[in-house]
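Biologist: I'd like to talk through the aromatic rings with you. Could you show me the structure before we start?

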Amino acid sequence: MVNSTNNSTTNSDVVKEGGPTMRALFGVVAGLSLVGNLLLCIVILRRRTMLTKTYNILIFNLAIADMLTGVFLFMTPGYVIAQESFPLLHGNSGDIFCRIVFSTYFLFCFGKASNATVMCLAIDRWYSVIKPIRYKIAFGKRRLLGYIALIWISSAFTEAIGLSITKLENGRCKWVDPPYDYNAERVFLLVHVMVTFYIPSIVTWVSFAQIWYNLSHTTINNQNHDIRAKKLLVRMCALAAFFLTLCWFPTETFFVLKKFNVLILPDIWYWVFNLLGMFNSCINPWVYCLSNKQYRREFQRIVPIVLSWNEQRGSWRPTHPTNFRQKVGAWDSTMGVQNMGIEANDSSKNAASVN
């Protein structure tokens with residue numbers, strides 16, 4: 001694997017420059033990512049009917065990748081915890097730790113898995129809107145599980161190039177030169193970034209653009225709940241794709257420019273770009289919660305302290321548990337609200353199901 005961290009951390013001055021402030025910021029990102037995506041996984045597992053929809057399965061896979069990013073931010077030396085604070089390493093286990101953890105192999109593997117999952121999510125929505133007749137064939141359960149397995153296998157394989165750039169020396173992990181020359185390294189890097197970031201991002205945005213064009217030219221009326229719900233769902237998925245592209249674009253782009261001597265920035269900037277890429281892992285739970293009523297309602301069920309406006313006191317206070325349960329019951333009794341993004345107009349209307 002080749003990434004900005006590898007080149008940013010080879011100089012001890014850079015580690016000191018990133019120092020406690022940068023590690024604290026990575027700690028905040030790691031904590032938010034771990035807690036937020038864990039809650040998202042609990043939400044989906046508690047409401048098993050959500051897993052009957054392929055996009056929810058892909059969202060669940062994305063949440064796992066982002067949650068593991070939070071876990072390994074704590075485990076990878078130099079991010080949240082300085083390497084000097086880790087115990088001395090010995091033997092084969094220490095060498096393995098240096099090669100697959102210290103090298104950031106896992107961290108960037110999860111990032112690539114997130115990008116590939118978002119691309120798969122965009123293709124899923126494309127088939128649902130553009131090719132609805134072929135949708136159940138293209139995204140049947142067996143094929144979907146195959147896509148997810150392919151996502152993880154391809155992510156692990158494409159990052160395997162980074163397993164040879166670290167070694168164990170005197171109980172500490174050290175960066176070493178790769179077993180190929182500088183020109184080969186640049187070629188590997190360019191192909192790697194194209195295959196794992198730029199091509200998936202292009203596929204994602206071309207898919208969403210065609211979906212949005214199709215839906216925007218479809219007349220929506222009060223009875224066409226299916227089209228309205230698909231629009232809301234596409235908006236939610238597109239927001240997740242937008243933040244992923246926004247967060248990962250700097251670290252992927254500026255490191256390529258650095259390797260080809262087009263633009264070389266101070267090393268602290270590569271740490272900042274790296275932080276932005278990892279920050280993407282804690283955004284998605286907020287995107288789903290703020291843009292989708294079903295996810296928001298399920299989050300409220302597992303988080304008892306829900307802020308509400310107290311008109312009498314004019315201040316914020318936790319919602320009373322009894323009132324909260326009554327509100328949840330009222331939601332469940334309304335027909336059609338269990339579909340993604342659909343709000344029932346009255347008790348006599350059922351929203352159409354969404355692929």
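Biologist: What makes you say that the charged end of K231 sits over the ring of W212?

Modeller: This is a predicted model, and in it the charged end of K231 is 5.4 Å from the centre of the W212 ring. A charge counts as over a ring if its atom is within 6 Å of the centre and within 35 degrees of the ring normal. The charged end of K112 sits over the ring of W248 too, at 5.9 Å from its centre.

Biologist: How many aromatic pairs does a search of the whole structure find?

Modeller: The search finds 24 aromatic pairs.

Biologist: What does the pair of F86 and F97 tie together?

Modeller: F86 lies in the loop between α3 and α4, and F97 in helix α4, so the pair ties together parts eleven residues apart in sequence.

Biologist: Why is F86 called buried?

Modeller: Its relative accessible area is 18%, and buried means under 20%, so F86 is buried. F97 is buried as well, with 18%.

Biologist: Why is the pair of Y270 and F273 called edge-to-face?

Modeller: The planes of Y270 and F273 are at 90°, which is over 60, and the centres are 6.3 Å apart, within 6.5 Å, so the pair is edge-to-face. Both residues lie in helix α10, three residues apart, about one turn of the helix. Y270 is buried at 2% relative accessible area, and F273 counts as buried at 10%.

Key. Residues are numbered from 1 along each chain as its sequence is written. This is a predicted model: local features need pLDDT of at least 70, side-chain atom pairs count only at pLDDT 80 or more; totals for chains, interfaces and linings use all residues. Side-chain values use heavy atoms; hydrogens and water are left out. Rings of Phe, Tyr and Trp (its six-membered ring) pair if their centres lie within 6.5 Å; planes under 30 degrees apart count as stacked, over 60 as edge-to-face and the rest as tilted. Helices (H or I, at least four residues) and strands (E, at least two) are DSSP runs, numbered from the N terminus. Buried means under 20% relative accessible area, exposed over 50%, partly exposed in between (1.4 Å probe, protein chains only).
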